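Good morning, colleagues. Please bring up the model on your screens, and I shall take you through a sheet with its packing and then a single side chain.

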Amino acid sequence: MKTENQSKILYSFFFKSYHILAGILIFVIYFLTTSRSIGEIDSGELAAVQATWGIAHPTGYPLFAITGYLYSKLPIAEPLIFQLNLLQCIFNALTAMMLIKIVENILLNFKFFFNEKRFSAFSEIKFNRWTIAVISVIGGLTYAFSITFWKQATRVEVYSLQMFLTSLILYLLVDVLITKLKSEPLASKKWYLIAVLIGLAFSNHLMTLYLLPATIYLFFLVNRTDKKSILLFAKLLLVSFSIAFFFYLLMMFRAQSNPEFTFMNEPKSFPALIDYVRGKYYESKMFQGPESFRQQTLQFLNILSFSKQTGFTGGEFGFFILTVFSGLIFVISFMKRLRMFYFLIIATSLFFVLNYSIPDIDEYFLVIFLLFSIASTIIIGVLVTVSKRLQPILLATFLAIIFLQLYLNFPDIDRSNDYVIEDYAREVLNNIPPDRILITSDWSLFAAPSFFLQYALGYRKDVEVLGVEMLPLPYYKIDVKKKYGSVENLLKNDYYITFDVFKDYIKKGKYNLGNKTLIPEGLCFRMSNDSSYSANYIIPKKMRFLTKRKIFHEYIYHLTGFMIEARARYEIEHGKIDKAKYLLSFIEKEYHDYLINPELRPYLNR
């Protein structure tokens with residue numbers, strides 16, 4: 001009897017908490033792959049924003065900033081960047097748990113999504129408790145280890161928090177739809193909760209726009225279009241707007257307190273805040289025409305493909321891409337009461353994303369991929385339930401495929417030992433003399449990571465890092481321009497440029513050298529008014545490259561080889577042959593994958 005009661009308790013515990021257990025498993029795997037260092041693209045800047053409660057690039061992401069700042073004060077992990085990266089693991093795992101709950105809710109109420117007269121076979125499908133649990137977990141794992149989403153758990157970004165809020169909103173919206181289909185009364189407090197979450201989501205990222213048409217459609221589907229409903233809708237709008245407005249207003253007040261780090265012009269006034277929130281700087285990247293639309297469409301298809309260009313086995317969903325598309329066809333063809341909801345979110349998302357011309361567009365498809373994962377899980381549920389005799393084999397097969405893809409992609413997505421970007425940013429700053437100007441166009445691998453080092457860790461704050469494309473903008477680095485009087489006066493002094501400015505501007509004739517002399521020093525060039533020989537040179541320290549170098553590792557690796565080679569060329573020009581020979585020998589020994597220019601190879605044999 002006692003054993004029987006214990007079994008019932010364990011049985012009950014499992015079905016109440018299996019989504020939590022799955023979330024813990026997902027978090028553990030994320031923990032193993034997340035970076036202990038600074039990531040690429042916006043990661044360094046956003047980590048600096050969270051560490052200092054600063055102001056990020058437009059739209060500012062105020063909820064993200066204050067959430068991360070409060071979290072950063074907790075004694076959880078060292079170093080600080082690792083702790084901030086772990087927050088993304090938490091949000092990602094919570095999102096996967098919510099997806100499991102969404103799928104569970106759909107399967108529990110499966111018959112209500114069909115027209116019983118037309119599709120009676122589907123409406124009569126019944127899932128047992130164990131099947132729902134396993135299929136729901138398959139759905140959570142499918143999304144958790146889809147490539148773009150998994151990447152969000154490896155370094156600081158705004159999308160982990162955004163997708164968690166999105167999953168909460170979708171869960172409530174699906175629940176509202178089910179309540180309508182079951183003809184049950186719906187308390188208005190659920191709508192207020194949705195309104196609160198939408199306000200919070202808008203405080204984090206404007207991707208929340210993707211959900212608005214579907215939310216409005218569902219509201220008026222559930223509620224009659226009468227005076228009472230319109231009044232409730234107006235109240236909900238006010239709630240969402242007030243919450244979002246509060247956080248953006250808080251960002252404006254924070255800007256007035258001169259935080260440690262801010263990007264570009266600080267939104268200290270209400271007009272400046274409006275420009276900041278609407279992303280005025282990025283407006284030019286929207287709706288650029290058919291060519292931009294074509295390129296982003298190709299990128300979307302490439303992410304989903306099995307192409308080796310994705311860098312991962314099987315692309316975004318691996319073998320589950322088959323169930324993704326068959327699931328979408330199933331939802332659109334048969335689940336009439338879910339069809340419009342799906343269509344509105346996907347169509348709205350694609351409308352904005354495919355017309356937004358930025359290189360790092362992958363994350364903007366995350367909402368679509370979440371819906372893809374749900375559709376994939378629905379069709380898996382149907383297949384498994386219809387094939388009763390093969391049910392255990394099919395469930396085991398789908399789980400095996402997930403863990404096979406996890407195993408195959410783990411080495412490529414693992415960032416736990418990746419310190420190259422931090423090493424590179426430190427080495428660039430380390431070889432700049434005190435109180436100098438450093439001009440760069442490398443946002444992804446140097447500028448953004450340097451902001452975390454300088455403003456969160458206090459490393460080489462004396463070096464003023466300026467963006468070459470931003471310099472002409474009147475509202476960029478006003479304090480620096482005041483110090484020198486103008487950009488022209490700033491450029492009259494000796495200053496430094498990173499490799500990318502040399503490669504993309506000077507070599508292409510886009511940058512006026514004037515009377516300056518280019519002198520290779522460390523991983524930068526000094527733009528000097530003095531053309532005489534400079535002995536100021538230290539060989540850059542070897543960075544912690546992985547055995548299998550990623551794309552950005554390759555870039556930094558060959559950049560380092562080029563800069564040492566450039567110094568060797570400089571030594572030859574000034575008759576310092578022994579120094580040049582030493583440097584070339586050093587490249588051959590330490591950077592053996594770098595191809596030394598053939599015209600310099602004779603100096604190795606002297």
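Helix 23, residues 551-573, lies across strand 4 and strand 5, where contact means heavy atoms within 4.5 Å. The helix runs at about 120° to strand 4; axes are lines fitted to C-alpha atoms, for helices over the stretch in contact, and angles run from 0 to 180 degrees between N-to-C directions. Helices (H or I, at least four residues) and strands (E, at least two) are DSSP runs, numbered from the N terminus.

This is a predicted model: local features need pLDDT of at least 70, side-chain atom pairs count only at pLDDT 80 or more, and totals for chains, interfaces and linings use all residues. Residues are numbered from 1 along each chain as its sequence is written, and side-chain values use heavy atoms, with hydrogens and water left out.

Five strands form an open sheet in the order 2-1-3-5-4, with mixed pairing; two strands pair if DSSP finds at least two bridges between them. Strand 2 (464-467) and strand 4 (517-521) each have a single partner strand, so one side of each is left without a neighbour in the sheet. From one strand to the next, the twist averages 30°. Strand 3 (residues 495-498) and strand 5 (residues 524-528) run antiparallel, joined by four bridges. Tyr 495 has Met 527 of strand 5 as its bridge partner.
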